[in-house]
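The report below goes through one protein model, taking its strands, its salt bridges and its nonpolar core in turn. Please keep the sequence and the structure in view while reading.

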Amino acid sequence: MKKTLLHSVCAIGVCAGMQLAAAEYRVSAGMDLEEVNQKVQPGDTVILSKGRHVGQIKPRRSGEPGKPIVYRGEAGALLYNDKVSVIELHNLAYITLENLAVTAGPGKAWFEQVNCKYITVRKCSFTDASG
């Protein structure tokens with residue numbers, strides 16, 4: 001089902017506003033991450049395509065045991081933010097970050113985590129804007 005800012009592919013689908021299966025959101029470079037941050041549910045995966053993504057990973061809800069919310073970068077995907085932290089997790093659990101290349105602007109944080117548990121970070125790189 002094509003959305004204005006992102007594409008969602010569901011294994012079973014959505015019925016009466018109730019999610020029946022985990023969704024996969026593909027975010028192309030230049031698309032707004034905010035919409036997907038608001039939509040993700042336990043078990044969902046967000047895939048950042050190759051290219052430069054300006055924005056923030058800041059999911060609004062936690063995953064669940066065995067159903068984490070996963071943010072994954074394809075080869076060549078770069079996540080950048082020079083206004084706020086690039087990844088911000090507050091009071092969340094069961095979030096997985098995989099294969100992300102994260103670059104923060106001058107004086108900004110790559111990753112801010114407050115009162116979180118069961119956060120997994122795999123194969124991610126973190127650099128400042130100067131490289």
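## Confidence in the model

This is a predicted model, and the pLDDT averages 86 over the protein, with 83% of the residues scoring at least 70. Residues 1–17 have a pLDDT below 50, although this stretch has 32 contacts in the model beyond near neighbours in sequence. Where pLDDT is low, the predicted coordinates should not be read in detail.

## Strand β10 and its two partners

Strand β10 covers residues 93–98 and is mostly covered, since 5 of its 6 residues are buried. It pairs with strand β7, residues 69–73, in the parallel sense over 4 bridges, and R72 has E98 of β10 as its bridge partner.

In general, strands of a sheet pair through backbone hydrogen bonds, either parallel or antiparallel.

## The open sheet of four strands

An open sheet of 4 strands has the order β6-β8-β11-β14, and the pairing in this sheet is parallel. Its edge strands are β6 and β14 (125–128), each of which pairs on one side only, and the twist averages 25 degrees from one strand to the next. Between β6 and β8 the parallel pairing extends over 4 bridges, and H53 stands opposite L79 in β8.

The loop that connects β11 (101–104) with β12 (111–114) is the place of G107. Is G107 buried or exposed? G107 has a relative accessible area of 82% and is therefore exposed, the cut-off for that class being over 50%. Computed along the chain, S85 and G107 are 22 residues apart, while in space their C-alpha atoms are 9.5 Å apart.

## Salt bridges

How many salt bridges does the structure hold? The structure holds 8, and one of them joins the side chains of R26 and E74, with N and O 2.8 Å apart. This pair links distant parts of the chain, because R26 lies in strand β4 (residues 23–27), whereas E74 lies in the loop between β7 and β8 (77–81), 48 residues away. R26 counts as partly exposed at 35% relative accessibility, and E74 also counts as partly exposed, at 29%.

Another salt bridge is formed by E34 and R60, whose closest N and O atoms are 2.2 Å apart. Here too the pair links distant parts of the chain, with E34 in helix α1 (residues 33–39) and R60 in the loop between β6 (51–54) and β7, 26 residues apart. E34 is partly exposed, with a relative accessible area of 27%, and R60 is partly exposed as well, with 39%.

The side chains of E35 and K39 meet in a further salt bridge, at 3.2 Å from N to O. E35 and K39 are 4 residues apart in helix α1, so they are separated by about one helical turn; K39 is partly exposed, with a relative accessible area of 29%.

## The largest nonpolar core

Which members of the largest nonpolar core touch the most other members? Of its 23 residues, V46 and Y71 do. The elements that give two or more residues to this core are β4, α1, β5 (45–48), β7, β8, β9 (87–90), β10 and β11, and the largest share, 3 residues, comes from β4. In soluble globular proteins, nonpolar side chains tend to be buried together.

Leaving aside residues up to four places away in sequence, Y71 touches N37, V40, V46, I57, P59, T96, L97, E98 and L100.

Notes:
Residues are numbered from 1 along each chain as its sequence is written. This is a predicted model: local features need pLDDT of at least 70, side-chain atom pairs count only at pLDDT 80 or more; totals for chains, interfaces and linings use all residues. Side-chain values use heavy atoms; hydrogens and water are left out. pLDDT is the predictor's confidence in each residue, from 0 to 100. Contact means heavy atoms within 4.5 Å. Buried means under 20% relative accessible area, exposed over 50%, partly exposed in between (1.4 Å probe, protein chains only). Two strands pair if DSSP finds at least two bridges between them. A salt bridge is a side-chain nitrogen of Lys or Arg within 4 Å of a carboxyl oxygen of Asp or Glu. Axes are lines fitted to C-alpha atoms, for helices over the stretch in contact, and angles run from 0 to 180 degrees between N-to-C directions. A nonpolar core is a set of buried Ala, Val, Leu, Ile, Met, Phe, Trp, Tyr and Cys residues joined through side-chain atoms within 4.5 Å.
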